[in-house]
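This briefing walks through a structure by topic, for reading alongside the sequence and the coordinates. Please keep both in view while going through the points.

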Amino acid sequence: NISHELRTPLTLIQGPIQELREKEKLSQKGMQYVDLMEKNTKQMLQLVNQILDFRKVEGKQEKLAVREIDLVPFVGEIKSYFDSMGSVRAISYTFTSSMKQCTLWIDPDLLEKVLVNLLSNAFKFTPEGGSVRIELTEEEDRVFIRVIDTGSGIQPGNLPHLFDRFYTEDRSMGTGIGLHLVKEYIHMHGGEIHVESEPGQRTTFTVCLRKGKAHFEDSDLMETSVSHQAYEASRLD
């Protein structure tokens, strides 16, 4: 309940910060302060939202809203969220798909959270001049989404615990619930997630999803399919 209450003042703080940035003539130091406030407010809001998501999963209150979508433009849209981060840090950032079209039954909101979490971690631990890749492939009745980075990697002894609740190995988020939520969301889809890593070389997270909708309950399905145009990236400055 307190987490819900925290969201309101954080949202109300964000508005004046944005207004300061856009309407006030600030000194270089003043702009640095605004950047710092904005960054930390966003981070706090993200953590509060994670707590709420975690609570839903732990209390079995998270409900699936599964639709049939074209996964190729959907992943392309999420990829675009991090385009500017890739260019600013001189990171080679690409998305490749072995298919022109790939219709799949998923909950778009939950899968978006999964991919954003994996990409956030990839960028967090990849140095300037490194690379982050998203690969989409299929194999008979399964589809694979891979997020591959040339970052710091994960020590072999830490791999078995990476998706554990509250585990805070350096690669995971500070709360230790980010990757735990990722695993839970993928399992809710009847899928699997695996990680392979060479310390100091690369890390690959592989999400495996099943085709069709037979593995979902009828109550999970939203029969209205979503046009792939809904996920085309908007080119905004």
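This is a predicted model: local features need pLDDT of at least 70, side-chain atom pairs count only at pLDDT 80 or more; totals for chains, interfaces and linings use all residues.

In the hairpin formed by β4 and β5, two residues lie between the strands, and E140 adopts a positive phi near 55°.

**Strands around β5**

- Strand β4 (residues 131-139) pairs with β5 in the antiparallel sense over eight bridges, and within this pairing I134 stands opposite V147 of β5.
- β5 is also joined to β7 by eight bridges, again with the strands running antiparallel, and here R146 is the residue that faces T206 in β7.
- β5 is mostly covered, since six of its eight residues are buried.
- D149 belongs to strand β5 (residues 142-149) and is buried, with a relative accessible area of 1%.
- A polar atom of the D149 side chain lies 2.8 Å from the backbone nitrogen of G151, while the C-alpha atoms of D149 and G130, which are 19 residues apart in sequence, are 7.7 Å apart in space.

**Covered helices**

- Helix α6 (residues 178-188) is largely enclosed by the rest of the structure, because eight of its eleven residues are buried.
- The buried residues of α6 are G178, L179, H180, L181, V182, E184, Y185 and I186, and what covers them includes α2 (28-58), α5 (108-124), β6 (192-198) and β7 (202-210).
- After α6 comes G190, which has a positive phi near 75°.
- At the start of α3, a side-chain oxygen of D70 comes to within 3.2 Å of the backbone nitrogen of V72.

**Residues at the surface**

- A nonpolar patch on the surface is formed by L20, L26, Y33 and M37, which together have about 350 Å² of accessible area.
- Of these residues, L20 sits in helix α1 (residues 2-23) and counts as partly exposed at 32% relative accessibility.
- S87, in helix α4 (residues 83-88), counts as exposed at 56% relative accessibility, and its C-alpha atom is separated by 9.8 Å from that of E128, a residue 41 positions away along the chain.

**Salt bridges**

- The whole structure contains eight salt bridges, and side chains of opposite charge can pair when their charged atoms come close.
- K113 and D109 meet in a salt bridge at 3.9 Å, N to O; both lie in helix α5, four residues apart, which is about one turn of the helix.
- In this pair K113 is partly exposed at 29% relative accessibility, and D109 is partly exposed at 43%.
- The side chains of K211 and E138 form a salt bridge at 2.6 Å, N to O, and this pair links distant parts of the chain, with K211 in the segment after β7 and E138 in strand β4, 73 residues apart.
- Both partners count as partly exposed, K211 with a relative accessible area of 31% and E138 with one of 41%.
- R202 and E198 are joined through their side chains by a salt bridge at 3.3 Å, N to O, where R202 is partly exposed at 37% and E198 is partly exposed at 42%.
- Salt bridges with shared partners also connect R21, D35 and E38 into one network.

Key. Residues are numbered from 1 along each chain as its sequence is written. Side-chain values use heavy atoms; hydrogens and water are left out. Buried means under 20% relative accessible area, exposed over 50%, partly exposed in between (1.4 Å probe, protein chains only). Contact means heavy atoms within 4.5 Å. A polar contact is a pair of N or O atoms within 3.5 Å; within protein, one must be able to donate a hydrogen and the other to accept it, and residues adjacent in sequence count only if both atoms are side-chain atoms. Patches are made of residues with over 30% relative accessible area and no salt bridge: like charges are joined within 9 Å, nonpolar side chains (Val, Leu, Ile, Met, Phe, Trp, Tyr) within 5 Å. Accessible areas come from the Shrake-Rupley method with a 1.4 Å probe; for residues, only the protein chains shown count as cover. A salt bridge is a side-chain nitrogen of Lys or Arg within 4 Å of a carboxyl oxygen of Asp or Glu. Two strands pair if DSSP finds at least two bridges between them.
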